[in-house]
Amino acid sequence: MSAMMTVEPQTFVPGVTPNISMLCEPDGVVQQSGVGEMILIEIVKADEVVAIVRPDAEAHLDDGLNPSKYSANGFVDKTDVTKNFLHFSINFPSEEDAATYQCMMSYLDNSQLLQNPREMFQLKANDFQRQLDQALQTVNNLLTRVNTLESQVFNLSINNKNQSTEIIALKERAQSRVAFYATLTDKLDVHVDDVLVFSDVQLNDGDGYNATSGVFVAPVTGLYIFSLVFEVEAPTAVKMDVALRVQDNVISRLFVFGDNSFHGGQASGSVVYQVAAGSEVKAVVTLMNMETESQPRLVNEDLSYFAGFLV
């Protein structure tokens, strides 16, 4: 039996990303004949245990962790290891949460030998604000160069109307804004293959976003930054995967896991991508596992949104 660790999202923006979800569980098809007795499951940050669960006991955090920021839930059955898992959550992670985490399991095999399978994951902070500042500085430098070039052309070719027109058009294009920001107007029922429609449009410079279809069509070719944040509620345990697509290309995936004691969850992510004019950008539900036929909903009008802008 191997240990498997699932982390969503796999990078975060300090102070912006609302939640990091870590799931530690057996990997693939568990061979029951090879497990005599399960002892514990734990998630370790660097060399310190942050969450642990044992048979006949609730999952709990390390005593030094703030329960308003960190939470844990899980279950361990001594013999039926297919039911075993440990879930660890970090709300609004900070720089100090960026570290190497391990999913660790301890069990006795049928020969009463102690086995300790584990899997590691490096959680990284994404300095989104620094990247944005650099991108904006690049745009400002471009505008300065365009203004300088325009002045030189006018001084050298004051009577050349065609050259003057081309420079003015170049400046207007460099200064044009393309940006959108849309939230929910109400709770949104979701199904597999649904496009997530954020119908409350707060900003739509360039008229690229369609509030009816939930699709953004790039008005110009360029480098774009897209952000997707959503919160899900469900009547039972749910696993849901949402893909951010440009045409048929998946450029980012967001995953929500909610077990029987924590229905629903949150997911967020940002991505930088070169988009051609006329390309469609949308968020599509690609996977959903439920214990009942009831469908989950996107909730929380303030924290669920879809946004993007041209760099």
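Reader: In this predicted model, where is Arg 177 found?
Author: The model is predicted. Helix H2 covers 161-175. Arg 177 lies in the loop between helix H2 and E13.

Reader: Is Arg 177 buried or exposed?
Author: Its relative accessibility is 59%. The cut-off for exposed is over 50%. Therefore Arg 177 counts as exposed.

Reader: Which residue joins its side chain to that of Arg 177 in a polar contact?
Author: Leave aside the neighbours within four places in sequence. Arg 177 is then in contact with Leu 203, Asp 205 and Gly 206. The polar contact between side chains spans 2.3 Å, and the partner of Arg 177 is Asp 205.

Reader: How many residues apart in sequence are Arg 177 and Phe 309?
Author: In space, the two are 8.0 Å apart, C-alpha to C-alpha. In sequence, Arg 177 and Phe 309 are separated by 132 residues.

Reader: What is the strand order in the open sheet of 4 strands?
Author: The pairing is antiparallel. Strand E1 (3-8) and strand E7 (70-75) each have a single partner strand, so they stand at the edges. Neighbouring strands are turned by 15° against each other on average, direction ignored. The order is E1-E3-E8-E7.

Reader: Which residue in E8 is the bridge partner of Tyr 70?
Author: E7 pairs with strand E8 (residues 85-91) in the antiparallel sense, over 6 bridges. The bridge partner of Tyr 70 in E8 is Ile 90.

Reader: Why is the pair of Tyr 70 and Phe 88 stacked?
Author: The whole structure holds 12 aromatic pairs. For Tyr 70 and Phe 88, the ring centres are 5.9 Å apart. Stacked requires planes under 30 degrees apart. The pair is stacked because its planes stand at 5°.

Reader: How far apart are the ring centres of Phe 180 and Tyr 209?
Author: Phe 180 is in strand E13 (residues 179-183), and Tyr 209 is in the loop between strand E15 (200-205) and strand E16 (216-217). Phe 180 is buried at 2%, and Tyr 209 is buried at 5%. The planes stand at 5°, so the pair is stacked, with centres 5.2 Å apart.

Reader: Which residues form one aromatic cluster with Phe 180 and Tyr 209?
Author: The cluster includes this stacked pair.

Notes. Residues numbered from 1 in each chain as written. Predicted model: local features only at pLDDT ≥ 70, side-chain atom pairs only at ≥ 80, totals over all residues. Heavy atoms only, no water. Pairing = 2+ DSSP bridges. Helix = DSSP H or I, 4+ residues; strand = E, 2+ residues; numbered from the N terminus. Axes fitted to C-alpha atoms, helices over the stretch in contact; angles between N-to-C directions. Phe/Tyr/Trp six-rings, centres within 6.5 Å; stacked < 30°, edge-to-face > 60°. Buried < 20%, exposed > 50% of the residue type's maximum accessible area, 1.4 Å probe, protein only. Contact = heavy atoms within 4.5 Å. Polar contact = N/O pair within 3.5 Å; in protein donor to acceptor, adjacent residues only side chain to side chain.
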